[in-house]
Amino acid sequence: MPHEVVDFILPAVHTTLAQFVETAMHLGDGKGYEKHDDLAAAQRFVHYAMTGQHPDLGNQAYISLNNYVPNAGQYFTVRRDYDSIIGLSRTLPFNVSVGMWVFPNFDDCLRKNNHVSATVWKDGQVHRVSLAHIPNFGFCSAGERQITRLYFPALWNGRHTVPKVRSKIPSLLYDNVTLPVRRLVLPDSHTPTSYKAESFRCTRNKGTYVFTKYDIPADSLAAFTREFLAQLDQQSYGVGAFFHHEIRGVKGRTYHDPANDEDAENALRSASEMIDGAAIFEDNSEWFVDVAVEVGSPGHVGLFRKDTHYLILKRLLGMDTETAVAKVRSPTFDSDTAVMLSEAAGFRTGHDGSDRNGTIYLNVYHTEKSPTYLVDEGHYAKFNTASSVLKLITGGATEMESMEKIDNVFSECRDVAHGFPARMEARVPLRNAVKAHRAFDQDFLRNILYLVPNEVHWEAKMTRQRAFKMIIEWMMDAPRPDLATQQALTLLVVVVFMSNALCAKPELGAKYDNLMRAILPFRADEVTLEDVPHNPFGMLFVRGIYLGGQCPELRDGRMITPENLAKFFDQASQTDVQDNIMSNGSNSHIRRTTEGDYVADSEPLFHLERKGITFPPLKLVVEGMEDEMIEGYEGPELSTDHTATKIYLQMPICYTQKCRTGSRSSLTTPYRITAEEATPDLFRRTDLHNIFSYLALRKNYEKTHGGGQWDTTFKWVFPEFGQKECDSIQGYHHMSYFQWYKKLKEACEERGDGRRTLDAFRAELKILFGTFKWFPLSVSDRPYNARNSKGAIVYPKTHTGPAPLILFNPLYKAEMQAELPHMTFRGIA
């Protein structure tokens, strides 16, 4: 049942894209996406661009595209085109020479469903199997944009999954089939002596490969293919092998008037000029072509209306309304949201070829994404990752190509006079290509498209991209502890995701579902009644963002879980990410006195107040030590965030410089810790030999209370709500920091919402504590063992006295062992 409600959704105001841009620029003091010198104006601009929430009017923008529905007077230009050509055959039907690979590049294997299937015999039964599920690899090429793959249906495993080609198959194929056939048909050609010799020659010294092609002349293709397949059919793995030909189209190369029969035929001849026309109509061959129709209007960006997708299915596939609507709702219908706008989307879907044109696949999309289109590592546009952006922020990278340059691309597109049309592609049998999808009336086109003025469309994208860039710039200047919070890291992931979504379809998958749960409100699913995230704003906006602190953060609420956060940072744990931030330079604005005390007017390390967390009134005084306290620290003069920061910063002072009552006088000991070093950064250092003279370093201490584990230590250093302090641990509960923390804990336990307050404080404490690489082992008889002063923290005075027990953070085990080879690590495997 639904259990979460969003209590801050403001009254919705229908807003056009042009109004959205105008409002953002107005809030940004007229500078919009330009560089801001006025921080307050910049924050207002960014807040509106990210959330759609007007800071003065108290309303929420709902981006509506209704103003961009074409009117009766607007006329569409329609152009027809032929894109990719795909064929299955037992021939190499080319009228040009082809280059054959001996040592194939397995990256050329078809692994993605192209909606073309082949007949496969398996165990006496006939199956129609997707080409992506049959073992294959690249065999030859007739040009830069053409590839022919060789398929092995005898190796199909009977499962409809993407297979792996066994590496020995290319070797067997060349040595036993290809080489003898080449020597027979092409006796004078240069041919490698064996597959092993060719693989050796193709391997560079650094382990990379060069893939060389060996020509088969056009006049020898028929003879070569005939002998090759005859020999291959004799091999157990090669029975029934066939070729899959793909000629990748060049958009615009074959533009023609869809109303002109002669133009349509000539364009098809041009698109298939390398293919032998007679060969493609032989028995048992199947050929398909992508017939494309581009629709647009000069000076406009064409976007498909999501609510009328069913009309496109009715027109292109001949469906009735009920069938078309059901198709749109089916799992096989893949909608591609455009520019994070809820009302505009393309789509992709397969079909069974039952319509009059024999269509097997539809791809309906927008050409406005073409300036950033690029197939790269599973993405289809220029993209960034959260890890690459974090490296830029922390100084680990010098350039972030997409984020730095994409606004320049958008600016140039804004000035393109012809605009960016929408495009529909239908994969149909080649025999139907000339007659398929020739006539489109203007009323139909007005019902399926929005026409957004070119300048408005690109300025809207520039507005959001500039907001993303400004957030990244502010994060670069933020204190490292602020950047390391879960709220800031979640916002970083959100910004990268939204920036990528400006260039291509928003990415999908479980980790992105979790991200949507963090930034969107919920509603009940109509069937399961479970809470699911939904976007009620017309454009993807975040529910809230906080820009008033040292680092931009997602507003308090649901965050990405640590497990899912790791998926955005190359599987690095949240603790690893936070440590990486802390170790790459500190931008902390905390100031200290020479004694190491926190100065009350410094910037706090905690930001609890923005989350609605307030501490009960406290007096940070240890009984009997009133004269020791610094003026200004007493009573409610310290804010919640300053109080939290003082408690945290007092802890290392207590553990390194003070005895049981927190006296300022430090003992003269073999420890080489100065007053200035008594900060949390001390516990992130690895030069322990320079800090201490005598150490006994252990991972575990065989006693009670969790055996000295890291999390258990944190639990005793900062006990949780309702937990009693450990009487058997002598000394630590006399420290001043613990006395202050204890007062806070007891006050919270007496207050109705005290658990939430203390849990929120401990959550931020644990993040900071998790960046420590070592800590005094508090889960022991005493944090620092001593012989002569009961209940006190006393440092050893000679090398014969007891030594401190140091607990290592298990996350840094390898690093500590590598950097401290002269130390004895007891208990570490």
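Me: What relative accessible area does Glu459 have in this structure?
Reply: The model is predicted: local features need pLDDT of at least 70, side-chain atom pairs need 80 or more, and totals for chains, interfaces and linings use all residues. Residues are numbered from 1 along each chain as its sequence is written, and side-chain values use heavy atoms, without hydrogens or water. Buried means under 20% relative accessible area, exposed over 50%, and partly exposed in between (1.4 Å probe, protein chains only). Glu459 counts as buried because its relative accessible area is 14%.

Me: Which residue meets the side chain of Glu459 in a salt bridge?
Reply: A salt bridge is a side-chain nitrogen of Lys or Arg within 4 Å of a carboxyl oxygen of Asp or Glu. For Glu459 the N to O distance is 3.5 Å. The pair links helix H12 (residues 454-477), which holds Glu459, to helix H10 (residues 401-414), 45 residues apart. The partner in H10 is Arg414.

Me: How many salt bridges does a search of the whole structure find?
Reply: The pair of Glu459 and Arg414 is a salt bridge. Another is formed by Arg427 and Asp290. The search of the whole structure gives a total of 24.

Me: Which strand holds the salt-bridge partner of Arg427?
Reply: Arg427 pairs with Asp290, the closest N and O atoms being 2.7 Å apart. Arg427 lies in strand S16 (residues 422-429), 137 residues from its partner. Both residues are buried. Asp290 belongs to residues 286-296, strand S11.

Me: Which residue of S6 is the bridge partner of Ser117?
Reply: Strands S5 (residues 117-122) and S6 (residues 125-130) run antiparallel and are joined by six bridges; two strands pair if DSSP finds at least two. They form a hairpin with two residues between them, and Asp123 in the turn has a positive phi of about 55°. In S6, Ser117 is partnered by Ser130.

Me: Is Asp257 buried or partly exposed?
Reply: Asp257 sits in the loop between S10 and helix H6 (261-271). Because its relative accessibility is 39%, Asp257 counts as partly exposed.

How values were computed: Helices (H or I, at least four residues) and strands (E, at least two) are DSSP runs, numbered from the N terminus.
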